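Notebook open, model loaded. I want to jot down what I looked up, one topic at a time.

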Amino acid sequence: MIQAHLPALQVIIPLIAAPFCLLIRRSDLAWAFSLLVTWCTFAIALILLLQVNETGTISYPMGDWSAPYGIEYKVDLLSAFVLVIVSGIGSVVMPYARLSIEREIPWPRIYLFYTMYLLCLCGLLGIAITGDVFNLFVFLEVSSLSSYVLIALGKDRRALTAAFRYLIMGTIGATFYVIGVGLMYMMTGSLNMADLAKLMPLVAETRTIQAAIAFLIIGLGLKLALFPLHLWLPNAYTYAPTVVTIFLAATATKVAVYAFLRIIFTVFGNVPVLQKEFMTDFLMFLAIVAMFAGSFVAIYQTNIKRMLAYSSIAQIGYMVLGISFISVAGLTGGIIHIFNHAVVKGALFMAVGCIFIKMGSVYIEDLAGAGKRMPVTMASFVICGLGLIGVPLTVGFISKWYLILAALDKGLWPIAAAIVGSSLLAVIYVWRVIEVAYFQPAPEGAETRSEAPMTMLAPMWFLTLASVYFGVDATRTINIAETAAAYLLKVIQ
Amino acid sequence: MEVFGLFNYWIVIVLMMVGFYIVITQHNLVKKVVGLNIFQVSVFIFYISMSKITGGTAPILTEGATLYGNPLPHVLILTAIVVGVATTALGLALIVRIQKAYGTIEDDEIEAQESES
């Protein structure tokens, strides 16, 4: 019985758990409760993925109102994959969160953190599961509003301004998205994604729909931090509490990429929107600028968190680049990079959190001797740094391999060269950290060896090992990504 | 008549641009939130206008009424209004904390303080 309602439970459990957290108030109980909830959502997501793999797309009418009229929850392979990523990161972060949060958030506010965390998780899962464009907006706002609060919890006062700027830009992005949805509704009278896809060919050539496409792409572009719209991201990631940075960097922008895929390839699946030469070229251009600009700026950062934030902008460039190829190989690369980057960036930010808790700094120059003082943490940082660069036997290699294949397929060898070139820039910024940590002697009087506690090291190493495991044996993730990509494109061809 | 028939939409565009302009140009954070509100309200009006049909009544079951407006956009915008209120509340709460932390709510002065530290 309960199995039939899993799609609803996936979202409703964290949604209902959040206010309970508020009532619990005691920080350790709130933590244990949230831990249980996140692990529940992860289990549900895994079951859904297995179900979809076996029986195909699951459609769940919310409240038994049937599809085009009621809100439909739709779990296909791509959404199940994103659900697993989001809830997986959400549950791996929880054991890590406890000590890190105690250090970075004043004690009386800790239970509020867990409330907001669960709400944010709920919003992100909702975006991934819903089959209704307006429902997607509601979840987008649930996740955004809670993430503004999470960012504002940072200790530094600049966290407040970062959150405020994100609020302004995020709200503009979401409002643009609603305008796009409204314009689509004017022409089709529907909000259901599958229904919209059916009705779209009749009205695709109207000015109204063209305006809708523009609003949707800009709105979601703001949310996923596509290159010229990325300005909110670096400060938000730098000044937020480390746990928040880990969670948002690994999930929030990825979910926005997912929403982008949904709109382009499901809602406008029967209409060649991106296929117009101008659009692909434009997206490809922005993606490549993002890859280089993000990496270049990352090289000159002194704050590791900020460096990794700029690197995130570059990595989002890779995902958008994969989308802009509009081929199965390209989309596979883009989708698999969503997973790979979530794992790698999650682990890297966790390493930064471990360094911060022991050394009290996130600046590169203070890292001298860290290789000797925190060998376990730094080893993880190095492995994941290699993954970020895309060295063989790490996950980064798999996604870049597919992207390069896709570029060569289309005969675009300069783009393949650009992918390699921007990876070399990643070598530079990862190397800057490694050089200071391993080749500069520790300052006098520093502790000889001190690692972060086990509860923080274990989640970090879990993600690190995952990044190696899925780099060596990527058949499973590639299968999912490839099938999802083919599924998205089949509608077009 | 065409221009007059689209009167609501002209208002929507004017409000949208006014709000957007305020958000971009004003340095005062409260004014930015006001601009954001105007921007969002224009979208509310846009949704409400689109469901109006000339000569249609309110979507209530009464005798003799055959033509009625679509109630769905109204419901949707009710949700969007709630979201807008939440955003405004959060934005203002952040401004209060920014005022405490920086002693000012002018964007350029905050930036000057940030680049000093």
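**Entry 1: overall build.** I am working from a predicted model, so I kept in mind that local features need pLDDT of at least 70. I started with chain A and counted its elements: 19 helices and 2 strands. Then I looked at contacts in chain A between residues at least 6 apart in sequence, and 80% of them join residues at least 24 apart.

**Entry 2: two positive phi values.** I looked for non-glycine residues with positive phi and wrote down two. Arg25(A) has phi near 65 degrees, and I found it in the loop between α1 (6–24) and α2 (27–55) of chain A. Is Arg25(A) buried or exposed? I get 12 C-beta neighbours inside 10 Å, and exposed means 12 or fewer, so Arg25(A) counts as exposed. Ala225(A) has phi near 60 degrees and lies in the loop between α8 (207–224) and α9 (233–239) of chain A. Ala225(A) counts as buried because it has 28 C-beta neighbours inside 10 Å, and the cut-off for buried is 20 or more.

**Entry 3: where chain A touches chain B.** I counted 22 residues from chain A and 25 residues from chain B in the contact. Which elements give two or more residues to the chain A side? They are α5 (133–152) and α6 (158–188) of chain A. The largest share of that side, 14 residues, comes from α6(A). Sorting the chain A side by class, I wrote down 15 nonpolar, 4 polar and 3 charged residues.

**Entry 4: a helix pair.** I picked α12 (residues 304–325) and α16 (residues 395–409) of chain A; their axes come within 10 Å and cross at roughly 35 degrees. I logged the crossing of α12(A) and α16(A) as left-handed. On the α12(A) side the contact uses Tyr318(A), Leu321(A), Gly322(A) and Phe325(A). From α16(A) come Ser399(A), Leu403(A) and Ala406(A). By class, this contact has 5 nonpolar residues, 2 polar and no charged.

Definitions and conventions:
Residues are numbered from 1 along each chain as its sequence is written. Chains are lettered from A and ligands numbered from 1 in the order in which they are written. This is a predicted model: local features need pLDDT of at least 70, side-chain atom pairs count only at pLDDT 80 or more; totals for chains, interfaces and linings use all residues. Helices (H or I, at least four residues) and strands (E, at least two) are DSSP runs, numbered from the N terminus. Two residues are in contact if their C-beta atoms, placed from the backbone, lie within 7 Å. Ala, Val, Leu, Ile, Met, Phe, Trp, Tyr, Cys and Pro count as nonpolar, Asp, Glu, Lys and Arg as charged, and the others, Gly among them, as polar. Axes are lines fitted to C-alpha atoms, for helices over the stretch in contact, and angles run from 0 to 180 degrees between N-to-C directions. A crossing is left-handed if the near helix is turned anticlockwise from the far one by less than a right angle, and right-handed if clockwise.
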